[in-house]
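Please read these notes alongside the model.

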Amino acid sequence: MAKQPPETWMARALQLARRGLYTTHPNPRVGCVLVKRQRVVGEGYHVRAGEPHAEIHALRAAGEAARGATAYVTLEPCSHQGRTGPCAQALIEAKVKTVVIAMADPNPAVAGRGITMLRDARIEVRVGLLEDQALALNPGFVMRMNHGRPFVRLKMAMSLDGRTAMQSGESQWITGPQARREVQRLRAKSSAVLTGVDSVTFDNSRLTVRPEALDLDDAEAIARRQPLRVVVDTQLRLPQAAACLSEPGRTLVATRAGHDDERRQRLERAGAEVVDMPAGPEGRVDLHALLRYLAETEQANEVLLETGATLAGAMLDAGLVDEMQLFIAPTLLGGEARPLFALPGLAEMAHQRPLEILDIRAVGHDWRIIARPRS
C-alpha cells in the first residue's frame, strides 16, 4: 500500500467534522481519524452538544487497535470535564502514539492545556496541519472565543439593479427556489437569525428552518434545532400576530431599555422574550451590546443577518459584518424600488466600502456572491 501523506488523514477528519455542520451548536465542529500502519482503525465526529466528542467516537470504533495509533484531530482535544469527559485523557488512556492537531483550541480558558496534557504523557503532538481549513470550519466558535461576539453572515437577495423590494415593501420572491434552499441551509447552520422589525412586519417572515426545503438526509433532525430568532425592535412595534412568534423555537425581541410594561407584556404574552439593550447611535439598540449578549448569554457562534437596508447598513457601518452572501436574480425592479443598503455619508469615492470577493457561482437561475468587507 502506498504511503499516504498526513494531509490525507487530516482532510478525512475535516470531512467528518463537516457532518456536524448543522448540529453541534454551541460546540465546534470536530472530526477525528485514528490511523495505524497506513490504515484507518477508527473515526468519528462530534454530532451535538452533550454527546461524545469526535475522539471518543473514534476510540470506541478502534477499540484495542487505538494502541500505538496516530490520531488526527481537527481541534485540540479538550482537557476539562464538561458534559463529557476530557478527550485528551481518553487518548492517553488508549495509549495512542501521536496526536496531530489542525488548530489549537481558541478558548482562552483551556487553550493549550490539552496539548500540554498529551505531551506530559509523552505523546508526540504536532499542531497546525491544514489549520486554515479547520479555522474556516468554525468561524463562529473562533470569533466568539477570540472576540466575544458571534461571526455575522449577512444574506440579502437583490435584483440585477441592486434592489431588494418594491417601494411598497413587497419582496417575495426575487430569487428562485434553488437560492431559497441555500438560504435554508444558511439558517440551519446558524445559532441565531437576526432581523429588524420592519423586515418582519413587511414580509411576516417565519425565520425558521423548513425541512422540506433543505434536501438533506437528516433534514428533519436539523429542523428540530431551530435557530434563535432575534428581532431588533427599538420601539416594541412587533405585531402580536407576527408569524415568528408562533413558530417552534424561541423569538427574542431586542429593544432599548425604558419601555412601558404594557408593550413588553403584550409581546411576552404572544410568545416573545423581550431583552433590554443599551442605547446606541440615534437612540437605537446598541448592536455591539446585542452581539455580546448573543455570544455570552446565548452562546451563539454564527448569526445570520436577514434584514432590510437600514439594519444591514447599520451593521456594516459598525464593522459587525464578517461575510456577505448576496443572491442576485436576473431581473430589474427599477429606481423606485428599495436599495440594498442604507449607508449615509458616502459623499466621495474615498468613502466607498471595498469588498473582497471570495466566490461567485450560479445557483439555479440566480447568482451568489460571497464577499467580506475589507479593512
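**Notes on the predicted model**

1. Leaving out residues within four places in sequence, Met 10 is in contact with Tyr 72, Val 73, Thr 74, Val 100, Ile 101, Ala 102, Leu 129 and Leu 130; contact means heavy atoms within 4.5 Å. This is a predicted model, in which local features need pLDDT of at least 70, side-chain atom pairs count only at pLDDT 80 or more, and totals for chains, interfaces and linings use all residues. Residues are numbered from 1 along each chain as its sequence is written, and side-chain values use heavy atoms, without hydrogens and water.

2. The largest nonpolar core has 43 residues, of which Met 10, Leu 34, Val 99 and Leu 118 touch the most other members. Such a core is a set of buried Ala, Val, Leu, Ile, Met, Phe, Trp, Tyr and Cys residues joined through side-chain atoms within 4.5 Å; buried means under 20% relative accessible area (1.4 Å probe, protein chains only). Helix H1 (6–17) gives the most to this core, six residues.

3. Strand E3 covers residues 70–73 (strands are DSSP runs of E, at least two residues). Thr 70 and Tyr 72 point one way, Ala 71 and Val 73 the other, and all are buried. In a regular strand the side chains alternate between the two faces of the sheet.

4. E3 runs antiparallel to strand E1 (residues 31–36), joined by four bridges, and parallel to strand E4 (residues 98–101), also through four bridges. Thr 70 stands opposite Val 35 and has Thr 98 as its bridge partner in E4.

5. Thr 255 belongs to strand E10 (residues 251–256) and is buried, at 0% relative accessible area. A polar atom of the Thr 255 side chain lies 2.9 Å from the backbone oxygen of Thr 234.

Conventions: Buried means under 20% relative accessible area, exposed over 50%, partly exposed in between (1.4 Å probe, protein chains only). Two strands pair if DSSP finds at least two bridges between them. A polar contact is a pair of N or O atoms within 3.5 Å; within protein, one must be able to donate a hydrogen and the other to accept it, and residues adjacent in sequence count only if both atoms are side-chain atoms.
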